[in-house]
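Student: I am new to this structure and would like to learn how to read its features one at a time. Could you take me through them?

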Amino acid sequence: MTLTHPTLARQLAPTPSLARDLLLVGGGAALIALLAQAEVPLQPVPMTLQTLGVLLVGAALGWKRAFAAVLLYALAGAAGLPVYAGGASGFMNSAGTGLRASIGYVISWPFAAALVGFLVERFGLDRRFLGTCLAMLAGSVLIYAIGLPVLGAITGLKGAALMTAGLTPFIIGDSIKLLLAALLLPAAWKFARR
């Protein structure tokens, strides 16, 4: 299957080089780290702008570079850099006794970014409002498909209690982030075409 649509990054920096790719991957990871600091401290999982960054990086960089950027971000936090929500790092909880409840979401992010990047490269979904909404929705569904079961396994929550802890509080915020991305990406394409 051929990926036929250039990404925003390729449109703005068309000459391929290792330096360009390293800058894009590092910049994508840095953007997510910056957005992670906008946090509403809910329990057991905080609400942040990280997912907006993950999905935007996916659309802007394409599936390969997006996967690498988000994986770099996740590994930087796991290695102890304070890049997660609220300046946190590592995969242990604050007491250092167990896995952080949000680890399933963190694990899902490289795959969600790659999915959005693939949809953008294959179908050009980031050029229009509705297409961007569809790509971001697909990425968000994948995040919850991986994150919720892991949250349940770590916390022991099931059914409605799991949905209340790991999905319901985030629906409105995720919808706003999806709409924001659907406005930003087509606008960025208009700018890039000039």
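**Reading the contacts**

Tutor: Asp126 is buried, and Arg127 is buried as well, where buried means under 20% relative accessible area, exposed over 50% and partly exposed in between (1.4 Å probe, protein chains only). This is a predicted model, in which local features need pLDDT of at least 70 and side-chain atom pairs count only at pLDDT 80 or more, while totals for chains, interfaces and linings use all residues. Residues are numbered from 1 along each chain as its sequence is written, and side-chain values use heavy atoms, with hydrogens and water left out.

Student: Which residue forms a salt bridge with Asp126?

Tutor: A salt bridge is a side-chain nitrogen of Lys or Arg within 4 Å of a carboxyl oxygen of Asp or Glu. Here Asp126 forms one with Arg127, and their closest N and O atoms are 2.5 Å apart. The structure holds 4 salt bridges, and a network of them links Arg20, Asp21 and Arg65.

Student: Where does the charged end of Arg127 sit?

Tutor: A charge sits over a ring if NZ of Lys or CZ of Arg is within 6 Å of the ring centre and within 35 degrees of the ring normal. The charged end of Arg127 sits over the ring of Trp189, 3.9 Å from its centre.

Student: How is a pair of aromatic rings described?

Tutor: Such a pair is described by the distance of the centres and the angle of the planes. Rings of Phe, Tyr and Trp (its six-membered ring) pair if their centres lie within 6.5 Å; planes under 30 degrees apart count as stacked, over 60 as edge-to-face and the rest as tilted. The structure holds 4 aromatic pairs. One of them, Phe67 with Phe111, is edge-to-face, at 5.4 Å centre to centre and 65° between the planes. Phe67 lies in helix α4 (residues 63–78) and Phe111 in helix α5 (residues 103–123), so this pair ties together parts 44 residues apart in sequence; helices are DSSP runs (H or I, at least four residues), numbered from the N terminus.

Student: Which residues have the most contacts inside the largest nonpolar core?

Tutor: A nonpolar core is a set of buried Ala, Val, Leu, Ile, Met, Phe, Trp, Tyr and Cys residues joined through side-chain atoms within 4.5 Å. The largest has 50 residues, and those with the most contacts inside it include Tyr73, Trp109 and Met136. Tyr73 is buried, at 1% relative accessible area, and ring pairs link Tyr73, Tyr84 and Trp109 into a cluster.

Notes:
Helices (H or I, at least four residues) and strands (E, at least two) are DSSP runs, numbered from the N terminus.
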